[in-house]
Amino acid sequence: MKYIPAALTDEHIHQLKETEQLLSSAAGEELILIAYAQQPDEPKSLDDRKNND
């Protein structure tokens, strides 16, 4: 599987920042969380999708 950065809303970003701060405090060092969206290895082409619909 391939991964691409996930599309996040402002609320998601705010929640990630809060979680980063809590985890960084607990770990005693700065942590950075990165959100990814799982993608198939070889997505179907648009032509294939149209023919199957």
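**A β-α-β-α chain**

Biologist: What pattern does the protein chain follow along the sequence?
Modeller: Read along the sequence, the pattern is β-α-β-α. Helices (H or I, at least four residues) and strands (E, at least two) are DSSP runs, numbered from the N terminus. This is a predicted model: local features need pLDDT of at least 70, side-chain atom pairs count only at pLDDT 80 or more, and totals for chains, interfaces and linings use all residues. Residues are numbered from 1 along each chain as its sequence is written, and side-chain values use heavy atoms, leaving out hydrogens and water.

Biologist: How many helices and strands?
Modeller: Two helices and two strands.

Biologist: How far does helix 1 reach from first C-alpha to last?
Modeller: 25 Å, with 18 residues. That is close to the 26 Å expected at 1.5 Å a residue. The expected span is 1.5 Å times one less than the number of residues.

Biologist: And what follows helix 1?
Modeller: G28 does, and its phi is positive, near 80°.

Biologist: New topic. Where is I34?
Modeller: In the loop between helix 1 (10-27) and strand 2 (36-39).

Biologist: Is I34 buried or exposed?
Modeller: Exposed, because its relative accessible area is 57%. Exposed means over 50%, buried under 20%, partly exposed in between (1.4 Å probe, protein chains only).

Biologist: What share of the protein chain counts as buried?
Modeller: 4% of its 53 residues.

Biologist: Last one: which contacts join residues at least 24 apart?
Modeller: Among contacts between residues at least 6 apart in sequence, 64% join residues at least 24 apart. Contact means heavy atoms within 4.5 Å.
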